[in-house]
Amino acid sequence: MKQIAVFGAAGAMGFGIMQSLLGVGYSVLGFDDIFNTDDKTEATRKKLWNALFLEKTKRDKLRYRSKYEVSNLCAEVCLFDKRHTHVITDFLKDCDAIIEAIPENEDLKRELYKFIEPNISTDTPIFTNTSTIQVARLAEGMAHPERLMGMHFFNPVPRMKMIEAVPHCATNQSTIAFARELTNALGKQFFLAPDFPGFVVNRICVRMFPAFARERDAGVSVSDIDAAFLNGTWPLYGPALRIIEDGLIQPAEALLAECRAKHISYVTPQSIDAMMRMGIAMPYGPFALNGLLRSSEAVRIAE
């Protein structure tokens with residue numbers, strides 16, 4: 001049984017990652033700064049127990065684990081205050097991988113890597129759950145940057161079925177292979193994403209906010225925009241159409257052009273569409289939408 005340490009285990013993402021790993025049979029060690037009192041540690045244990053006891057299957061049916069099964073899963077989890085370094089280092093040496101899911105702060109993440117690296121073997125991969133920070137920036141100053149890689153989970157982790165896997169220029173093949181193996185074990189789809197700030201899904205999504213804001217500042221009603229998207233008439237409603245074109249299609253095209261310019265062949269219109277559908281539950285990806293808009297299908301969408 002492989003053992004994985006999760007840092008930031010009490011946060012929404014870290015907790016979800018820990019829950020998901022336990023659910024498929026990994027041994028997990030959860031670490032977080034808030035575990036400095038018995039009450040806080042016990043509250044997280046209880047929350048984890050409840051999350052593991054009742055879950056939804058792939059077909060959205062409720063599944064109840066037995067009390068015995070949940071007890072065995074939770075027995076694999078040890079939670080310690082990060083300041084108890086002598087305790088943590090004893091456990092880290094036996095871990096097969098590290099997943100870092102602490103807040104989006106470059107300095108905090110680099111500080112954590114400096115603490116972790118001397119206490120694990122040189123080939124143990126470290127995966128960061130950052131959703132926006134360029135992985136190469138986080139690798140700066142590491143003793144073994146080749147073992148760092150992004151694994152961007154989506155929230156809520158147990159329900160979302162994809163992972164953006166983000167190697168930087170120095171990431172070695174064994175780290176990528178471990179990430180793929182882990183993703184498959186979790187029942188999620190593995191998508192390689194470029195090491196650009198925001199990767200694919202968030203890099204495109206952030207452009208939708210200013211596109212929407214421009215329409216709102218021009219006096220367009222929010223309820224009218226919502227109604228156009230909800231009832232499917234957005235191709236015939238200018239403000240909603242501009243949000244799709246300026247905030248979704250154009251950023252996707254720009255991302256693809258940047259990937260091609262840098263000879264990143266694993267990012268394609270098809271992979272971008274799939275990632276956007278799975279990452280933010282869109283019925284169509286940006287390239288599929290662009291194709292629809294340039295055909296008579298756009299009228300049928302709105303009918």
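In helix 2, the buried residues are T41, T44, L48, A51 and L52. They sit on the same side of helix 2, because together they cover an arc of only 95° around the axis. Bear in mind that this is a predicted model.

**Helix 2: length and faces**
- Helix 2 spans residues 38–53, which makes 16 residues.
- From first C-alpha to last, helix 2 reaches 22 Å, close to the 22 Å expected at 1.5 Å a residue.

- T41 lies in helix 2, and its relative accessible area is 11%.
- That value counts as buried because the cut-off is under 20% relative accessible area.
- Leaving aside residues up to four places away in sequence, T41 touches F35 and L79.
- T41 and A10 are 31 residues apart along the chain, yet their C-alpha atoms are separated by 8.9 Å.

**S27: a buried serine in a strand**
- S27 belongs to strand 2, which runs over residues 27–31.
- With a relative accessible area of 6%, S27 is buried too, as it falls under the 20% cut-off.
- The S27 side chain makes a polar contact with the side chain of Q3, at 3.3 Å.

Methods:
Residues are numbered from 1 along each chain as its sequence is written. This is a predicted model: local features need pLDDT of at least 70, side-chain atom pairs count only at pLDDT 80 or more; totals for chains, interfaces and linings use all residues. Side-chain values use heavy atoms; hydrogens and water are left out. Helices (H or I, at least four residues) and strands (E, at least two) are DSSP runs, numbered from the N terminus. The expected span of a helix is 1.5 Å times one less than its number of residues. Buried means under 20% relative accessible area, exposed over 50%, partly exposed in between (1.4 Å probe, protein chains only). The arc is that of the directions from the helix axis to the C-beta atoms. A polar contact is a pair of N or O atoms within 3.5 Å; within protein, one must be able to donate a hydrogen and the other to accept it, and residues adjacent in sequence count only if both atoms are side-chain atoms. Contact means heavy atoms within 4.5 Å.
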